[in-house]
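Here's a quick briefing to read with the model open. Grab your viewer and let's go through it topic by topic.

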Amino acid sequence: MRKSLVTTVVAGALALSMAFATTAFADPAGVVDPPSANYTGWVNANGNKYWFDNGVMARGKEIFDPGSNAWYWLDDDGIMAHNKDVYLRSNGGKWVRYDADGHMIKGEQYSTAAGHVGWYYFDPVTGAMAKGMRYVPSNGGKWVYYDWITGIMAHGERFVNYDGDHTGWYLFDQVTGAMFHGDTYIRSNGGKWVRYDRVTGKMVKGLHYQDGAYYYFDQTTGAMAHSRVWVPEWNAYATFDSVTGRQVSGNSNSGNTGGNTGRNIRGQWCKSSEQGKQKTDGDGTLIVCECRNGNKRPHWYAK
């Protein structure tokens, strides 16, 4: 009986002490008081900063401090947030970030925080974290892409699909993040020449007309054609220059027409027995019969 009584007393004391500790830990701001009943401003206590508005501690809300001309966020315990991302319902809902001093960040920011390393952009007026395609003034002005989930600036090849207008592959500078426009060679898919639209920056696929000539890009990989290929848009074969990718022969649904008849034959098939053979194309270019670009069947290419 005595052992049972001692156990009960100890257990009760332990429970009481744990309850007290939990209460004190959960609401450390409860012991913070303003210097006067109608005080408005900051109070430093317990190594933290608290904001009072007419004597009432701000909790779970954003406030504007005219003295520092900055916005701040106060957590539910009243402690000023710092180095923290917070979702706010203002301005239709937005993610914002507060720096080490508690100020809402605006403009470009480079973060080194674990899991958040990279460049971000925050609206210069509302502080809203940018997500998606965005034009920014740095580096002379550039279009960049901020990840639709994390907000981190993209670099290198990136597939974007956050809406119908922006679904496709893009290329962003490895250093500045600037969107690339034009033709370039990339190493993916074993190496290929591709084109990123001059206006949208999206990788071109299929038949494309530019600068007075037709080009063809693989419907899946975007690789530029440099030989005789089937063009679905024309329901026919067409030949594209082995170097520039420009169309060099009219479309046709037939096979190779054979030898040179006064027009360019670069990109057309040649016989296996002709491999290594050289001749002059219709425009005077020296061409050779061989296999290139992964083709198992030989074609005529510029020497």
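Strands here are DSSP runs of E with at least two residues, and helices are runs of H or I with at least four, both numbered from the N terminus. This is a predicted model, where local features need pLDDT of at least 70 and side-chain atom pairs count only at pLDDT 80 or more, while totals for chains, interfaces and linings use all residues. Residues are numbered from 1 along each chain as its sequence is written, and side-chain values use heavy atoms, with hydrogens and water left out.

**Surface patch**

- Strand β8 covers residues 107-111, and Tyr110 sits in it.
- Tyr110 comes out as partly exposed, at 43% relative accessible area (buried is under 20%, exposed is over 50%, partly exposed is in between, with a 1.4 Å probe and protein chains only).
- Together with Val117 and Trp119, Tyr110 makes up a nonpolar surface patch with about 290 Å² of accessible area.
- Patch members have over 30% relative accessible area and no salt bridge; nonpolar side chains (Val, Leu, Ile, Met, Phe, Trp, Tyr) are joined within 5 Å, like charges within 9 Å.
- The areas are Shrake-Rupley values with a 1.4 Å probe, and for residues only the protein chains shown count as cover.

**Second largest pocket**

- The second largest pocket holds about 160 Å³ of space.
- Its 14 lining residues include Asn83, Lys84, Arg97, Ser111 and Ala113, which are the closest to the centre.
- Two or more lining residues come from each of β6 (84-88), β7 (94-98) and β8, with β8 giving the largest share, 3 residues.
- By type, the lining splits into 5 nonpolar, 5 polar and 4 charged residues (nonpolar is Ala, Val, Leu, Ile, Met, Phe, Trp, Tyr, Cys and Pro; charged is Asp, Glu, Lys and Arg; the others, Gly among them, are polar).
- For the pocket search, a 1 Å grid is laid over the protein atoms alone; a pocket is an open set of points with protein on both sides within 12 Å along at least five of seven lines, a cavity is a set where a 1.4 Å probe fits but cannot get out, and lining residues have an atom within 4 Å of a point.
- Grid points are joined across faces, edges and corners, and the volume is the space filled by probe spheres set on the points.

**Positive phi**

- Most residues other than glycine have a negative phi.
- Asn139 has a positive phi, near 55°; this residue lies in the loop between β10 (132-136) and β11 (142-146) and is exposed at 57%.
- Asn189 also has a positive phi near 55°; its loop runs between β14 (182-186) and β15 (192-196), and Asn189 is exposed at 55%.

**Salt bridges**

- How many salt bridges does a search of the whole structure find? It finds 6, counting a side-chain nitrogen of Lys or Arg within 4 Å of a carboxyl oxygen of Asp or Glu.
- Asp123 pairs with Arg134 at 3.7 Å, N to O, linking the loop between β9 (118-122) and β10 to strand β10, 11 residues apart.
- In that pair, Asp123 is buried at 19%, whereas Arg134 is partly exposed at 26%.
- Asp147 and Arg158 meet at 3.4 Å, N to O; Asp147 is in the loop between β11 and β12 (156-160) and Arg158 in strand β12, so the bridge ties together parts 11 residues apart in sequence.
- Arg198 and Asp211 have their closest N and O atoms 2.6 Å apart, and Asp211 is exposed at 52%.
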